[in-house]
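User: Please take me through the model below in short questions and answers. Start with the terms.

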Amino acid sequence: MTIREWPDGERPREKLMARGAGALSDGELLAIFLGSGRRGMDAVQLGRALLTQHKGIKGLLENPAARTDVGPVAWCRLQAGLELGRRYLESELVQGQSLEDPAHCARYLKSQLYRYPYEVFACLFLDNRHRVLGFEELFRGSIANAEVHPREVVRRCLSHNPAAVIFALNHPSVVAEPSSSDRVIAQRLKEALALIDVRVLDHFVIGDGAPTSMALRGWV
């Protein structure tokens with residue numbers, strides 16, 4: 001049976017239109033991008049097979065070899081969809097906008113850093129009304145470490161002249177749990193920036209699952 005022969009409420013596109021994208025499984029969402037299946041396999045079955053082969057969405061979208069398995073047209077659709085998602089989140093944190101939703105801030109930071117296969121340390125610069133002055137990726141490292149230099153962070157703060165900052169660090173392919181070194185550098189940065197009257201509002205660790213807020217842990 002092809003997807004066209006499925007009941008209307010079960011076809012991925014019709015299901016999305018009626019119930020929203022959140023009602024679709026990963027395989028069904030992927031089927032929409034694929035557009036069609038292959039011999040003996042409909043688009044949903046193909047989507048599920050690709051997810052199994054590449055160990056989930058992250059593996060599928062980040063593995064360059066998956067381009068051949070998915071096909072060039074569907075691959076371009078997927079990459080365009082990813083970029084649209086990132087730009088959508090970024091549009092709500094444009095320069096001059098007040099940052100009022102910590103959860104949205106965490107989602108935005110994850111969208112910017114989660115895709116990297118190595119550690120990246122970044123910073124959101126905010127004014128005294130928590131309006132966004134800028135976002136910068138300050139340091140890049142290996143899969144397990146990014147060396148953070150407080151002196152350079154202070155220099156970038158002097159350039160943006162913020163009243164407050166929010167830091168973010170990704171942990172590639174692992175849970176978003178701050179390490180002891182993460183907590184040490186968070187404290188060092190807080191002390192260094194206090195000397196120039198810049199407050200550290202939060203320090204997020206990005207990894208699998210939801211970002212971890214050091215502020216909620218009482219570590220900032």
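Analyst: Two strands pair if DSSP finds at least two bridges between them. Helices (H or I, at least four residues) and strands (E, at least two) are DSSP runs, numbered from the N terminus. The model is predicted; local features need pLDDT of at least 70 and side-chain atom pairs 80 or more, while totals for chains, interfaces and linings use all residues. Numbering starts from 1 along each chain as its sequence is written, and side-chain values use heavy atoms, without hydrogens or water.

User: How many helices and strands does the protein chain have?

Analyst: From the N terminus, the elements run α-α-α-α-α-α-α-β-β-α-β-α-β-β. The C-alpha atoms of the chain fill a box of roughly 70 × 35 × 30 Å along the principal axes. The secondary structure comes to nine helices and five strands.

User: In which sense do β1 and β2 pair?

Analyst: Strand β1 covers residues 120-126 and strand β2 covers residues 132-140. Leu-124 has Phe-135 in β2 as its bridge partner. Over seven bridges, the sense of the β1 and β2 pairing is antiparallel.

User: Which residue in the hairpin of β1 and β2 takes a positive phi?

Analyst: This hairpin has five residues between its strands. The phi in question is near 60°, and the residue that takes it is His-130.

User: Which residue of β5 is the bridge partner of Phe-204?

Analyst: Strand β4 (residues 199-208) and strand β5 (residues 212-213) pair in the antiparallel sense over two bridges. They form a hairpin with three residues between them, and Gly-209 in the turn has a positive phi of about 85°. The bridge partner of Phe-204 in β5 is Ser-213.

User: How many residues of strand β4 are buried?

Analyst: Buried means under 20% relative accessible area, exposed over 50%, and partly exposed in between, with a 1.4 Å probe and protein chains only. Of the 220 residues in the protein chain, 41% count as buried. Strand β4 is mostly covered, and among its ten residues the buried ones number seven.

User: What geometry does the aromatic pair of Tyr-108 and Phe-135 have?

Analyst: Rings of Phe, Tyr and Trp (its six-membered ring) pair if their centres lie within 6.5 Å; planes under 30 degrees apart are stacked, over 60 edge-to-face, and the rest tilted. The structure holds four such pairs. Tyr-108 and Phe-135 lie 5.5 Å apart, centre to centre, with 75° between the planes, and the pair is edge-to-face.

User: Which elements does that pair link?

Analyst: The two residues are 27 residues apart, and the pair links distant parts of the chain. Phe-135 also bridges to Leu-124, as its partner in β2. The elements holding Tyr-108 and Phe-135, respectively, are helix α7 and strand β2.

User: Which residues form one aromatic cluster?

Analyst: The structure holds four aromatic pairs, among them the one between Tyr-108 and Phe-135. The members of one aromatic cluster are Phe-121, Phe-139 and Phe-167.
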